[in-house]
Amino acid sequence: MNILYIASQSMNICDFAWCFLEMGCQVDMLNLREKKLDISSQQQLVTITLQEKHYDFCLTNDFFGFISNACEALHIPYVSWNFDAPYLEHYSNAAKNPCNYIFTFDKKEYLSLKKLNLPHVYHLPLCANPQRVGALEITPEDEEKFSCDISFVGSMYEDNVYNRYEHLFPPSLRQTLENILKRYDNDFHSHLAADYITDDELKLLKNSFDLPFNTASYSMEEKKLYYDYLLSPKATELDRTKLLNQLAAKYSVDLYTTSKNFSLKNVTVHDPVSYDIDMNKVFYLSKINLNISFRQIASGIPQRIFDIMVCGGFVATNNQTELGDYFIKGTDLEVFNTSKELEEIVDYYLHREKERVQIAINGYKKTLAHHTYNHRANEILKLLPLQK
C-alpha cells in the first residue's frame with residue numbers, strides 16, 4: 001500500500017505517518033513546512049507529487065482545502081485527522097469533495113459536520129505513540145531537573161484577540177462579554193455557548209474588529225465564528241490562570257510554556273519543553289499532571305491526556321464529555337468540574353503515593369491496550385475504498 005503523507009505548517013510530529021510505516025505500508029513524505037509557497041503553488045506541488053507514482057491515499061494531520069482539491073482532481077482518497085475543534089477548514093467548500101475522509105476527535109464537532117452532509121466524516125478519538133512519547137530514559141540529571149509535585153505543560157493564551165481589541169468594544173458590549181466569561185468562571189465542564197450573544201451584539205463585534213478570514217467562505221454560523229475566535233482563547237487564559245494561582249497558593253506548581261506575559265503568583269515558570277525529547281520526562285516525573293482544556297474543545301479528549309498517560313503519568317483533568325466513554329474516573333485518571341474539586345484531588349493524591357501510582361499504571365495500561373496510533377490506523381483502513 002502506497003501512502004503520501006504531507007507534513008504541514010501546523011504539525012511538528014509525524015506519528016500518524018510513522019504508524020502506517022510500521023504496519024508495512026510504503027509511506028512517502030512531502031514536507032510543506034520547508035516550502036515557502038503560496039496556496040496555489042502548494043496545490044500544484046501536491047498534484048505533481050501525486051502523479052509521480054500510484055498512491056492508494058493521501059494523508060495529513062488536520063484538513064487542508066488545497067490538498068483536498070488536488071486529490072479530488074486525481075480521484076485519490078484524502079484522509080485527514082484533526083487535532084483542533086472546531087476546525088475551520090471543515091466548513092469550507094473543499095470539505096464537500098467526495099475524495100475526503102475526514103476524521104475528527106470531537107464527537108460534538110462530528111455531529112455538527114454530519115448536519116452539513118459531508119460525504120465521509122467520522123469520529124475518531126486521539127491517541128498516543130508509545131514508541132516515541134512512552135520511550136523513557138531517565139537520568140539522575142533529569143530527576144533533578146524535572147521532578148515536581150504539580151506541573152502543567154502548555155500555553156497560557158494571554159496573547160489573545162480579546163485582550164488586543166477589548167479597548168475598542170463599546171461599554172455595553174464589553175459588559176456583555178465579561179458577563180459571559182463570568183458564567184464559566186468556576187465551571188470546567190460546560191462548553192462555551194455562542195447563543196449568549198445577540199444579533200445586535202454581533203454587529204458591535206463586527207464593527208470593533210475584523211476576523212483574519214472571509215466568513216462567507218465557511219458554512220459555520222457567523223456568530224459562532226466570532227465567538228470561538230474571540231472568547232475561547234480568553235476563557236482558556238482565565239481558566240489556566242485561576243487554577244494555577246489557586247494551587248500555587250498552597251502547593252508547589254511548575255509551568256512549562258512559551259507564554260511570557262501573564263498574571264501568575266508563586267508558580268515556577270520554565271521555558272517550554274521539547275515535544276520530542278523532554279515533555280515525556282516532565283509527565284513521568286511529576287506527581288500530578290494537569291490538563292486544563294482549551295475552551296473551544298466541545299467534548300473531545302485533548303492530546304495532552306493521552307501523552308501523559310502513555311508515559312505512566314498521573315492525570316488530573318477538567319471534565320470533558322467523552323472521558324467517560326473511554327476511561328474510568330478514580331481508576332484511570334482523576335476528573336474535576338470545579339476549582340474546589342481540583343484542590344481536593346491534589347491534596348488527596350499528593351499524600352497517597354500508592355493510590356496515585358496505581359491510577360497512573362491503570363491509565364498507562366489502558367492507553368497501550370486501546371489508544372495507540374496502530375489502533376486508530378486500523379479503524380481508518382476499514383473505512384477506505386482500497387483495492388484488496
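Reader: Is aspartate 187 buried, partly exposed or exposed?
Author: Buried means under 20% relative accessible area, exposed over 50%, and partly exposed in between (1.4 Å probe, protein chains only). Aspartate 187 comes in at 22% relative accessibility, so it counts as partly exposed.

Reader: What kind of model is this, and how are residues numbered?
Author: Numbering runs from 1 along each chain as its sequence is written, and side-chain values use heavy atoms, leaving out hydrogens and water. The model is predicted: local features need pLDDT of at least 70 and side-chain atom pairs count only at pLDDT 80 or more, while totals for chains, interfaces and linings use all residues.

Reader: Which residues does aspartate 187 contact, sequence neighbours within four places aside?
Author: Contact means heavy atoms within 4.5 Å. With those neighbours set aside, aspartate 187 touches Arg295 and Asn337.

Reader: How far is the C-alpha of aspartate 187 from that of aspartate 239?
Author: Along the chain, the two aspartates sit 52 residues apart.

Reader: Is glutamine 303 buried or exposed?
Author: Glutamine 303 has contacts beyond its neighbours within four places in sequence, including Phe83, Leu126 and Tyr373. Its relative accessibility is 14%, so it counts as buried.

Reader: How many charged residues line the largest cavity?
Author: Asp, Glu, Lys and Arg count as charged; Ala, Val, Leu, Ile, Met, Phe, Trp, Tyr, Cys and Pro as nonpolar; the others, Gly among them, as polar. The lining has five nonpolar and seven polar residues, and the charged ones number two.
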